[in-house]
Amino acid sequence: MVNLREKFKELTRQQLFLLIISVIVVLSVIFSLIARTVVLQPDADRPYRIVLAAPLSGESQLVGDSLLGGARLFVDQINQTGGLAGHLLQLEALDDKGTVEGALEVAKKVSSDEGVLAVLGHGFTPVSDELSAVYDQAGVPVINPLSSLFTKNSSKTLFNLTPSSETQTQFLANYALNVLGKKVVSIVRDSSDKGATLSKTFSDTYEKFKTKTNYEWVVDLSGDSDQQLAEIAAEIKAKVDTGTVFIALEPVKAAKFVKELRDVGGRNALIGLSGLATHAFRTTLNDLIFEKPGDSPSYRTAGDYIDSVVLTSPLMFDTAGEHVQNFKNNFIDAENRSPDWVAAHAFEAVELVASEVKSVEGLNSLSVKELRAALIEKLNTKPLNAAKSTSDPMFDVYHQARRANYIGNYSGTTLVSALTQLQPILEGGNKNYIAEFREGRVLFVNDRFMYKTNVIYTGLQIDEISDINLDDGTVMLDFGMWFRFRGNFDPQDIVFKNNAEDISLGEPVFNEQQGDMTYRLYRVKGKFFMNFGEKSPPYGQYQAGVSFSHELLNKDNLQYVVDFLGLGLSSGKTFETSLNETRALNPNLGWQIDRAWIGQDIKTRSVLGNPKYVGHASSSPDFSTIEAGIILEKSKFNLKKFVDPDYFVYLAIFGILGGVFAVGMDRKERGGFWNFHSWILRVISWPLLLLAAGSLILDFSAQNLSVYTTEMVALTYSALWWFIPARLLVIALERFVWIPLESHTGRKIPNVIRGFGATVIYIFAVLGITAFVFGQQLTSLLATSGVLAMIIGLAIQANIANVFSGIVLNLERPFQVGDFIKVDNVFGRVADITWRTVRIESLDGPVVSLTNGKVSEAKIENHNDVPRGLRMELAFHLSPDIEPTRVEEVVNEIIEDADYVLGKGGSKPAHQLIFTGIENVNGNWVASYMLIFKVKNFLAKIQARGDFWQSLRNHLVAHEMPLKPSENSILKAITSDASSTSEV
């Protein structure tokens, strides 16, 4: 320890400062690692494991790839933001090979693993009673992103996000017969139990309406399925009464069948289930066309093969809202391809598990087994729509999700919503559905009444974003809006949610009728309010855009869908990319687009007492709403875009340690070096701490606290960026101006001067906060403060002048305390120098106080420290009887012994003696002499006068020279050579 102290003492100041910086860095790294391990990084010692059971090999591998891509996207996102309740969320993919045997093998493996929280999958494989029993016995919750075969499910732990294949088939059969009018239908299926069930369900549904299916072809899975599909396609082409073909095949075989049918010239209309809406179906078809192009010129691309194919889908991206659109954009970024509904449901399944686990009380104290039970209970009671406080659970008694089927059709390779959708009439809704049924607006589907809802393809192309006004929260938008629809109604009768001024569509700028389809284009330009979404964007960002719904028709009668084809967003292109390509936002405005989306959602809206939506038997005031959202932010360097949020914590740790060490360095007075370097350490650490802590607090506030609170936090954060530099400047003023000035002058700077300097700096900071943080004009404030400053300045003008004159005098230092000076006609010794006056003690005794202003403007003679000495002239009289040469000798002896005479021993004489003549002084004739020499200062001058007279008298006495003139001195004086001059 002693040796260590000695080594520290041997270090130079620079080396010691570098050592301090090194210690700060090392401690920052240590504390950052602790924070990362304990707080930031999800707990890897106790991860929550989720198993994805999917076909990761074999014919159905592409389905498994979509499931894995969607689930992995959510897992990556949640782990980047701290994990699931602070625990790492792990996704383990197991291959069930798409077979019952493979699924059973995976189930047994998972059930014996007590660390698995939940399972996603097995939807591609019909879940057998044996498989359900394995999971039920182990108490493992299973979330199926796909569909089960049957609607009725006896499992206690299996929850299905997608309507069952049985339900989809019934729905499709009703739609094909009652909406599309397909009365002649044939079926192609495989030999599995699932294929048989789907075929029977479809036929039974048709038979309810006294209609039968014409033909049924079965692909024997034990044989060469490719050969069988080719033969079936040829048979269908050969028959003239096959009609529409219902494809009850898995995605890969369905793609092969479509390829074979079109290649042989079969032009039958095709319908199918959600498997035809998958990435697996489209990719397989593309690969088949690439490997073996067809001979028909009508079928060259995948779009040619599947155009107008009608199918069911649990999710249509053109009817989805912001959350799904954000998923789509993120999936495109991660996987470099557009997602299908399979990937979206896999994402939702993991999200569902995570959200419900987070809501479990005391989850960190529960074992995985206990969490499984809590999760199952949460899923059983999860409400269908928490935002509307509905009592309906998300899952029915058979653990089927309460969600609608959609009908889509391919336009080329783009899947779009069909022009007519069927919406279920929920319990508690309109009780007049019998009358609606008679009018043809309601169908009886799957043992329930459903609305026939008209679909409007809606496009919104924003051409210009301008006049972004943060004061009133508005933005000017110039855009084109179009509708493509079938029927006789006015889809343009809309109500904007966020218009800041009256906006009417007026007459369309283009109106065209093509067959039974109507196209109308409108131009809109107006002011719209920003931040109109249900959740505010992060601090520093603003949501611009448009939100509108129909004025009178609710979701049961009309549904807007995004016209992805018309917008050019059908090939993986995002709405944000489209806006950037058209330069909708001029970069010269100082703003940029962070992200953007366009989607449709069902939102409740005020109906202003409309009797159609009021009362027990009324319709729900839920309206199909189109929302285009554009997140804007200032075009400036944003560190958060390049730095992981965790690193802000590390920067905050460094800032705190730097501030603490700076305080420690100031605990003792160690001189200017340490004052400077501790200040530099503050200059580095304080802004870093403010940047990091402010960003973290703002993001937390924006996501968890009210808008008002967030605004207050934001204003405080912005104000601190003015206050912190002001504080650093005040410290610099103290350390690098006042303290050196005190050291230089030897006098303490008055507190009023210190306070005045600090006040000026803080006033400028307040003015900056007023102008740039609160956005207030400074004109009136500066005018008012200017008048006030003028009044005060006039009142204390003299005092201010004296103070600053005192500063100048202390800097120039023309004199100091103790000096003998002459200021105008005042001569004396300087007794004191204050910041307002100079006090001079005159030779007569009184103390004269002169203001610093007058002193600084007056002529000042300093009789003290004169570099070349003060000239002194001494006149004395002696008896004329003494020879001048004798006088000269005496004077030389006196000067030689005098210590007050400057310049002795030099090349020039140190004094000069002048005989000025014979004078009559008081009736006596005397010889007059003038002695000239130089002394050091005024005190020496006073000393020299007395010392010289005393020495002269002593020498005269010693040489027996007369002190007084004799009576006959006048005669001698006359005859003497009185004009002689001696110069020494």
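Reader: What makes the nonpolar surface patch of about 460 Å²?

Author: The patch is made by Val26, Ile30, Phe31, Ile34 and Val38; members of a patch have over 30% relative accessible area and no salt bridge, and are joined within 9 Å for like charges or within 5 Å for nonpolar side chains (Val, Leu, Ile, Met, Phe, Trp, Tyr). The areas come from the Shrake-Rupley method with a 1.4 Å probe, and for residues only the protein chains shown count as cover. This is a predicted model, in which local features need pLDDT of at least 70 and side-chain atom pairs count only at pLDDT 80 or more, while totals for chains, interfaces and linings use all residues. Residues are numbered from 1 along each chain as its sequence is written, and side-chain values use heavy atoms, with hydrogens and water left out.

Reader: Why does Ile34 count as partly exposed?

Author: Ile34, whose place is in helix α2 (residues 13-40), has a relative accessibility of 44%. Buried means under 20% relative accessible area, exposed means over 50%, and partly exposed is in between (1.4 Å probe, protein chains only), so Ile34 is partly exposed.

Reader: How do you know how many helices and strands the protein chain has?

Author: The secondary structure comes to 27 helices and 31 strands, counted as DSSP runs numbered from the N terminus, with at least four residues of H or I for a helix and at least two of E for a strand. In this chain of 984 residues, 47% are buried, and the accessible surface comes to about 48,600 Å², of which 54% belongs to carbon and sulfur atoms.

Reader: Which residues touch the most other members of the largest nonpolar core?

Author: They are Phe257, Phe479 and Phe483, in a core of 122 residues; a nonpolar core is a set of buried Ala, Val, Leu, Ile, Met, Phe, Trp, Tyr and Cys residues joined through side-chain atoms within 4.5 Å. Helix α13 (residues 341-358) gives this core its largest share, 12 residues. Apart from it lies another core, of 31 residues, among them Val891, Leu913, Ala927 and Phe948.

Reader: With which residues is Phe479 in contact, leaving aside its neighbours within four places in sequence?

Author: Contact means heavy atoms within 4.5 Å, and the partners of Phe479 include Leu460, Ile462, Phe496, Tyr522, Phe528 and Val546.

Reader: How do you know that the span of helix α12 agrees with its number of residues?

Author: The expected span of a helix is 1.5 Å times one less than its number of residues. The 14 residues of α12 (residues 322-335) should therefore span 20 Å, and the end C-alpha atoms are 20 Å apart, which agrees. Its buried residues, including Phe327, Phe331 and Ile332, pack against α3 (61-80), α13, α16 (564-567) and β22 (591-604). After α12 comes Asn336, whose phi is positive, near 60°.

Reader: Why is the meeting of Glu92 and Arg49 called a salt bridge?

Author: A salt bridge is a side-chain nitrogen of Lys or Arg within 4 Å of a carboxyl oxygen of Asp or Glu, and here the N to O distance is 2.9 Å. The pair links distant parts of the chain, with Glu92 in strand β2 (residues 87-95) and Arg49 in strand β1 (residues 43-54), 43 residues apart. Glu92 has a relative accessible area of 27% and is therefore partly exposed, whereas Arg49, at 18%, is buried. By this rule the count comes to 28 salt bridges.

Reader: What makes Glu59 and Lys253 a pair that links distant parts of the chain?

Author: Glu59 is in the loop between β1 and α3 and Lys253 is in helix α9 (residues 251-263), 194 residues apart, while their closest N and O atoms are 2.7 Å apart in a salt bridge. Lys253, at 11% relative accessibility, counts as buried, and Glu59, at 35%, is partly exposed. Both belong to a network of salt bridges together with Asp226 and Lys256.

Reader: Why does His399 count as buried?

Author: Its relative accessibility is 8%, so His399 counts as buried. His399 is found in the loop between α14 (368-381) and β11 (406-411), and has a positive phi of about 60° although it is not a glycine. Asp467, in strand β15 (residues 448-469), also has a positive phi, near 50°.
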